[in-house]
Amino acid sequence: ALQEALSIAKKTENKSLEALVLNDLGVLYVDLDLHKKAKKVLNNALAIRNKIGGKYDTGNIYTNLGQVEVNRCNYDAALKHSKKALSLMKRIKNESGVATDWNNIGNCYIMMGKYEKAQQALQEALTIYKKRRNLLGENIARINMGVYYCRTGQYDRALYQYNVAMD
């Protein structure tokens, strides 16, 4: 279905739709662990978006590129993409996107062993999710905070975060 939608977008020269479909295709490739394909189509989507504009969609593409790089254990590149996404989401005042990107940045810092920065980023995400009453996002942030606490030897705090997330 995505390939068909991509074909239609190209035939009708609908660049906005083409970028959207390429982004969705990139997410699918991430889910299938096809990271080279994901990176290629997401970079194509980004090139189109950079030509035609659209900060929201561009932010989503950067978020997804960050996930590709996390899955490839390329945390510096993941952090770079996530920070670009965060900047765009802040500019358009998309709080949900801001929270997601803070969460992704926190995860990058955990993987890089930069625990103080990880805690700060994850706390930003958790605060936004709580404010927006986004229970799923809050639970994801709490689980990630639990990982942070485990990595820093604070097992009681980790257990607390995991228990709150499971309630």
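Helices here are DSSP runs of H or I with at least four residues, numbered from the N terminus. On that basis, and bearing in mind that this is a predicted model, Tyr109 belongs to helix α6, which covers residues 95-112. Tyr109 counts as buried because its relative accessible area is 7%, under the 20% limit for that class. Leaving aside residues up to four places away in sequence, Tyr109 touches Leu79, Lys83, Lys114, Lys117 and Ala118. With one of these residues, Lys83, the side chain of Tyr109 also forms a polar contact of 3.2 Å. Gln120 lies 11 residues from Tyr109 in sequence, and their C-alpha atoms are 9.9 Å apart in space.

Helix α6 is also among the packing partners of helix α4, whose buried residues pack against α2 (15-31), α3 (35-52) and α5 (75-91) as well. Helix α4 runs over residues 55-71, and its 17 residues reach 24 Å from the first C-alpha to the last, close to the 24 Å expected at 1.5 Å a residue. Among the buried residues of α4 are Ile61, Tyr62, Leu65, Val68 and Glu69. After α4 comes Cys73, which has a positive phi near 60°.

How many salt bridges does a search of the whole structure find? The search finds seven. In one of them, the side chains of Glu69 and Lys39 meet at 3.2 Å, N to O. Because Glu69 lies in helix α4 and Lys39 in helix α3, this pair ties together parts that are 30 residues apart in sequence. Glu69 is buried, with a relative accessible area of 2%, whereas Lys39, at 29%, counts as partly exposed.

The remaining pairs to follow lead back to helix α6. The side chains of Glu95 and Lys131 meet in a salt bridge of 2.6 Å, N to O. This pair links distant parts of the chain, with Glu95 in helix α6 and Lys131 in helix α7 (residues 115-131), 36 residues apart. Glu95 is partly exposed at 27% relative accessible area, while Lys131, at 58%, counts as exposed. A salt bridge of 3.5 Å, N to O, also joins the side chains of Arg132 and Glu95. Here the link runs from helix α6 to the loop between α7 and α8 (135-151), where Arg132 lies 37 residues from Glu95. Arg132 is partly exposed, with a relative accessible area of 44%.

Technical notes:
Residues numbered from 1 in each chain as written. Predicted model: local features only at pLDDT ≥ 70, side-chain atom pairs only at ≥ 80, totals over all residues. Heavy atoms only, no water. Helix = DSSP H or I, 4+ residues; strand = E, 2+ residues; numbered from the N terminus. Buried < 20%, exposed > 50% of the residue type's maximum accessible area, 1.4 Å probe, protein only. Contact = heavy atoms within 4.5 Å. Polar contact = N/O pair within 3.5 Å; in protein donor to acceptor, adjacent residues only side chain to side chain. Expected span 1.5 Å × (residues − 1). Salt bridge = Lys/Arg side-chain N within 4 Å of Asp/Glu carboxyl O.
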